[in-house]
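The notes follow in the order in which I checked things.

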Amino acid sequence: DPNLTLASINKKATATLYKNANDMRDDVLAIWKACLKHYGPQSPQYAMAKHLSVEFDHLFEAATDKVRGMGGVADVNFFRHGQAWVGQQVKVYVPSDHGRLMGVIDEYDEVDSTTHLYHIQYDDGSHQWSTLPNPKVELVGWVPDEEFKNPLATYVANASNIPALKM
């Protein structure tokens, strides 16, 4: 989307138009991906996008870690493990791709009373075992007890003024 900029994301976030933080993350990831594709690896814009994507990842995880429903520490004590998650659609964040893969949980394994593994089959044919809750795994459609608050608007507002990322 050529109209997608960090400023437009900030505007959308400030107006609380995102359903959840992961939808906002998807838009930010689309900007990083477009910048990396448009500029060559030797360019300062490419280097800046790489740097900002890593910084954004750290800030995103820190900002959402204590928000219920985001897979962080806030979810650990109330998350109910078990077979009920088999069939659940997921989106899994892949930092190296600056994007998220769609998949479905197709298997559950209770290794012991404290280790619960979920097998994710991705739409692209790949698969992996993962723990839940997990900040990189969104359980699509799952509604947590707390509404989405916009903890990232300040970061996006500040990042939108960086000239190196204007495309």
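Is Asp-27 buried or exposed, and what is its relative accessible area? I looked it up: Asp-27 is buried, at 19% relative accessible area. Here buried means under 20%, exposed means over 50%, and partly exposed is in between, with a 1.4 Å probe and protein chains only.

Note on the source. The model is predicted, so I kept in mind that local features need pLDDT of at least 70 and side-chain atom pairs count only at pLDDT 80 or more, while totals for chains, interfaces and linings use all residues. Residues are numbered from 1 along each chain as its sequence is written, and side-chain values use heavy atoms, with hydrogens and water left out.

Overall layout. I found 5 helices and 5 strands in the protein. Their order along the sequence is α-α-α-α-β-β-β-β-β-α. These elements are DSSP runs numbered from the N terminus: helices are H or I with at least four residues, strands are E with at least two. Of the 167 residues, 40% are buried. I also looked at contacts, meaning heavy atoms within 4.5 Å. Among contacts with a separation of 6 or more, 54% are between residues 24 or more positions apart. The accessible surface is about 9,300 Å², and carbon and sulfur atoms hold 53% of that. These areas come from the Shrake-Rupley method with a 1.4 Å probe, and for residues only the protein chains shown count as cover.

Salt bridges. Side chains of opposite charge can pair when their charged atoms come close. My search of the whole structure gave 5 salt bridges, each being a side-chain nitrogen of Lys or Arg within 4 Å of a carboxyl oxygen of Asp or Glu.

Asp-27 pairs with Lys-12, with the closest N and O atoms 3.7 Å apart. Lys-12 is in helix H1 (residues 6-14) and Asp-27 in helix H2 (residues 21-38), so I noted a link between distant parts of the chain, 15 residues apart. Lys-12 is partly exposed at 32% relative accessible area.

Asp-26 and Arg-100 form another salt bridge, and their closest N and O atoms are 2.6 Å apart. This pair joins helix H2, which holds Asp-26, to strand S2, which holds Arg-100, across 74 residues. Arg-100 is buried at 16% relative accessible area, whereas Asp-26 is partly exposed at 26%.

I then checked Lys-136 and Glu-61, whose closest N and O atoms are 2.8 Å apart in a salt bridge. Lys-136 is in the loop between strand S4 (127-131) and strand S5 (137-139) and Glu-61 is in helix H3, so the pair ties together parts 75 residues apart in sequence. Both count as partly exposed: Lys-136 is at 28% relative accessibility, and Glu-61 is at 28%. Shared partners join Asp-26, Lys-91, Arg-100 and Glu-138 into one salt-bridge network.

Lys-50. I found Lys-50 in helix H3 (residues 44-64), partly exposed at 35% relative accessible area. Its C-alpha atom is 7.5 Å from that of Trp-32, 18 residues apart along the chain. Apart from neighbours within four places in sequence, Lys-50 is in contact with Leu-36 and His-98.

Asp-109. This residue is in strand S2 (residues 99-112) and is partly exposed, at 36% relative accessible area.
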